[in-house]
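Please open the structure in your viewer and keep the selection panel at hand. The stops below are meant to be followed in order.

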Amino acid sequence: MARAEWALAQCARAQRARPRLLASDSLFVAALLFAVVLASLFDPTVSSPYVQMHRAKSSNKDSNEHAHRDVASSAPEVRLGVEAYKCTADQAERQVLAFLNLTRDRSGCSAEKYLDHVRDAFPTPEGKLFVNVGANKGDVIAQILDLWAPAPGFRYDDKLLDFWRRVENLDEKSAVGPCGLAGRASADALDSASGDLNETAITAARKNLTWPHVVGVEMMFVTYEALNRGFENIGLYGGPGDGRSVRLVHRGISDQDGELFIQSVRAGTENRGEAWFRAQQAKLQALHARAAGGDPAAVKEAETRGLKRIQLSTFDTLARDTFLPDESLFMLIVDTEGNDPKVLKTAMKTLAKHDTAVVIFEYHHMWKTASPMHSLRGTLDLLESIGYECFFTGSQGLWRLTNCWNDMWDFQEWSNVMCLLSNLEGSQQVISNLDVAPRFAQ
């Protein structure tokens with residue numbers, strides 16, 4: 001029972017039991033009001049259905065200390081910086097059934113749908129580092145810049161899309177991807193964000209570090225090269241050392257450091273990941289060995305297939321190699337064709353160190369082959385243990401996973417998960433606006 005409710009109950013009992021020699025009710029009313037006000041001072045968010053701020057037992061304790069909370073489901077206890085909304089088991093079942101009946105509410109095409117809500121909750125670009133692992137054609141990066149560093153009169157993602165069509169000669173379907181333009185953040189939000197910025201203001205912002213820092217990681221060499229050209233084409237690529245432009249990194253992110261042989265695929269191809277090339281490693285390694293030994297046929301075949309040996313690393317290694325000293329990771333977006341749980345597992349130290357506000361990753365049938373030892377529930381356990389509340393994204397809002405778990409969520413089909421660091425006020429703003437779980441309460 002909340003403290004205010006407890007205080008009211010105690011005062012009601014006092015009213016029933018008070019001595020009749022009290023000449024007037026005025027003292028009782030004053031006592032009642034005092035008790036309610038006192039309770040509200042200790043529990044100022046009692047009226048909110050989403051969050052009651054956790055208060056440390058001692059002022060000497062870290063303000064980010066996590067409190068143990070019960071979970072009304074089969075999931076393990078979740079440690080959060082605040083008391084997150086909790087479903088009953090029946091409520092959790094009603095929610096997941098509704099999600100599945102809506103064909104997963106277009107979750108696969110909703111990864112970036114609510115970035116405008118995140119921007120509204122965390123509006124300033126200063127000090128924010130965005131990392132996109134699996135950058136592919138760069139549309140997510142362009143949307144980030146459209147939101148946190150909008151240009152006057154145009155959208156970066158429109159210009160980048162035009163580059164893929166006009167310069168790289170991708171057909172319309174390949175250029176816009178399987179979701180078309182429906183999954184990106186709303187144009188209205190971007191227009192209002194632009195305000196009266198102009199080119200001079202943008203140039204000044206980049207010089208005085210009010211520009212968001214962005215790192216894009218891409219494993220496919222042909223796509224990586226084309227993406228370099230694309231960002232240079234729209235004025236957003238300044239090289240690896242330029243913290244105020246897009247920095248692109250060519251490597252794969254996995255659960256250990258190493259290397260991997262890959263072969264070329266058409267720029268922008270989105271269905272090739274580590275697992276696909278792992279299945280061909282023996283053949284690719286043998287081809288490399290023959291070509292290195294001078295076999296003319298092997299040399300020609302290796303050139304024709306675009307054989308490359310690339311670096312693999314964990315996410316924490318990536319952070320050590322590429323983050324600048326003054327950068328703090330604000331958002332991590334992962335789309336790695338089934339490698340997502342491996343990336344996240346090796347990002348835990350970095351996420352905890354930086355108090356990263358937002359993590360978005362893809363949940364996919366490719367987890368079965370690329371990450372067979374990982375499950376959605378296991379990945380959520382890791383993220384929740386350091387203070388995240390997680391949700392499936394969908395066209396109707398955020399479908400709660402944390403404290404609303406049901407085993408039917410483990411469906412392994414194309415969808416996206418957004419996790420928000422629970423003890424941040426901005427996170428709670430996003431959650432309170434988009435959490436659909438309360439709709440299923442009775």
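The tour goes from strands to a sheet and then to a helix.

This is a predicted model, in which local features need pLDDT of at least 70 and side-chain atom pairs count only at pLDDT 80 or more, while totals for chains, interfaces and linings use all residues. Residues are numbered from 1 along each chain as its sequence is written, and side-chain values use heavy atoms, with hydrogens and water left out.

Select strand β6, residues 213-218 (helices, H or I of at least four residues, and strands, E of at least two, are DSSP runs numbered from the N terminus). Six of its six residues are buried, so β6 is largely enclosed by the rest of the structure (buried: under 20% relative accessible area, 1.4 Å probe, protein chains only). His213, Val215 and Val217 point one way, and Val214, Gly216 and Glu218 the other.

Move to the open, mixed sheet ordered β8-β10-β9. β8 (252-253) and β9 (258-262) are at the edges, each with a single partner strand, so one side of each lacks a neighbour in the sheet. β9 pairs with β10 (residues 308-313) in the antiparallel sense over five bridges, and Glu259 faces Gln311.

Finally, select helix α18, residues 376-385, where the buried residues include Leu376, Leu380 and Leu383. Just after α18, Gly387 has a positive phi of about 105°.

Terms used: Buried means under 20% relative accessible area, exposed over 50%, partly exposed in between (1.4 Å probe, protein chains only). Two strands pair if DSSP finds at least two bridges between them.
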